[in-house]
Each structure stands twice: as structure tokens, then as C-alpha cells.
Amino acid sequence: MTKLELALDVGKVQAEMVKTHISGENQTYEWRIKQLDLLYDLIVDNTEKIREAVCIDLGRNPTEAIVMETSVVKTEIGFAKRNLRRWMKPQYVPSAAVIVPGFSKHVARPLNPPGVLIIGPFNYPVGLILRPLVGVLAAGNPAVIKPSELCPNTSTLMKELMEKYFDAGVVQVVLG
């Protein structure tokens, strides 16, 4: 066994996300809106904790931490919620003449399991994790988040918050 295998049970992480895909619940509009609402609640309920962690890790100005790490994510969540129905709607596309009178359509569906990996940078350790997560959840995909090890307070906080707000089949955080 390698060090990575000792620290992280990849099979367990994957199994939880496969369950989400197999259930099919992540393909519904309601499920996606619920996840976006949970992410919004996570930000609103913990803005002060996020600000403190970012300020400790990076020595950033508190106002900049709030604006660049959380406010932009809340705006993205609102945009995704307003447009989600349209994004999920099947789009009819031209068909080959061979299949006339048939028709073709493009139906957006979540990726196959296990989901999406989001690797966070150190310079904006919350915003550049949560902004992609908005799109991942709006698309109905589970996510594995790997925050930067250069921001230990923020990484630990992200793990705690994600475990508190999301099911393991939706979002998981891997430290290290």
C-alpha cells in the first residue's frame, strides 16, 4: 500500500458517489436546487468563520476575504438557480436526412460516477473551490474537493462545513 492509499480510502469515496448516481435523484431539478440552497446556507451561516480562516491563513484584509471568497459565490448560486430549468431543458438538434421523420435532441445529464474533482489553489482557497462547486451541483454531479494544503485553517473548515451540510454521496473533502 502507498501512503495515499493509507490516508484515503478511494473505494469508499467512490462508493458513496456511485450510490447517488444509481439512485437517479441527482437528475431532478428539485435535488439540484436543494444542493444549491444548502451551499448558500453554508456560506450565509458561516461567513464569519470563513473570513477568519482566510485571514489567518493568508493575512488577507477582512473585507477582501468576504467579497472575493463568499459574495461572488452567492451571486453565482443565484444565477444558477435562475437559469437551471433552461439548462436542463432538452434541446432539439437537426437530424440526419436518413432518419426523417424522426427527430434528435440533446439531453444534459450528470457525468457518470464517481463525479467531479475540484482541486483548490491557495490564493483564493474558498472562492475557487465553491464557484466550480456551484456548476457541479447545478449539473447534478457529486464532487470531491481537495483544498490547498498551504491553507490549513481554511481546508479544515471546508471539510467540517461540507460534512455538516452535505451528504457524503454529494460532496466530500479530501485533505492532504
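This note walks through the predicted model point by point.

1. Ground rules. This is a predicted model, in which local features need pLDDT of at least 70 and side-chain atom pairs count only at pLDDT 80 or more, while totals for chains, interfaces and linings use all residues. Residues are numbered from 1 along each chain as its sequence is written, and side-chain values use heavy atoms, with hydrogens and water left out.

2. Overall make-up. The chain holds six helices and five strands. Helices (H or I, at least four residues) and strands (E, at least two) are DSSP runs, numbered from the N terminus. Their order along the sequence is α-α-α-α-β-β-β-α-β-α-β.

3. Extent and burial. The C-alpha trace spans about 65 × 45 × 25 Å along its principal axes. The chain has 176 residues, and 38% of them count as buried. Buried means under 20% relative accessible area, exposed over 50%, and partly exposed in between, with a 1.4 Å probe and protein chains only.

4. Surface and charge. The accessible surface of the chain is about 10000 Å², and carbon and sulfur atoms contribute 59% of that. Areas come from the Shrake-Rupley method with a 1.4 Å probe; for residues, only the protein chains shown count as cover. There are 20 positive and 18 negative side chains. Lys and Arg count as positive, Asp and Glu as negative; His and the chain ends are not counted. The centres of the two sets lie 8 Å apart, with each charge placed at NZ of Lys, CZ of Arg, CG of Asp or CD of Glu.

5. Contacts along the sequence. Take the contacts with a separation of 6 or more: 75% of them join residues 24 or more positions apart. Contact means heavy atoms within 4.5 Å.

6. Strand β3 (residues 116-119) pairs with strand β4 (residues 143-146) over four bridges, in the parallel sense. Two strands pair if DSSP finds at least two bridges between them. L117 stands opposite V144 in β4. With helix α5 (residues 127-138), β3 and β4 make a right-handed β-α-β unit. Right-handed means that, with the strands pointing away from the viewer, the path from the first strand over the helix to the second runs clockwise.

7. G11 sits in helix α2 (residues 10-23). G11 is partly exposed, because its relative accessible area is 43%. R51 belongs to helix α3 (residues 29-58). R51 counts as buried, because its relative accessibility is 19%. Beyond its neighbours within four places in sequence, R51 contacts P62, A65 and I66.
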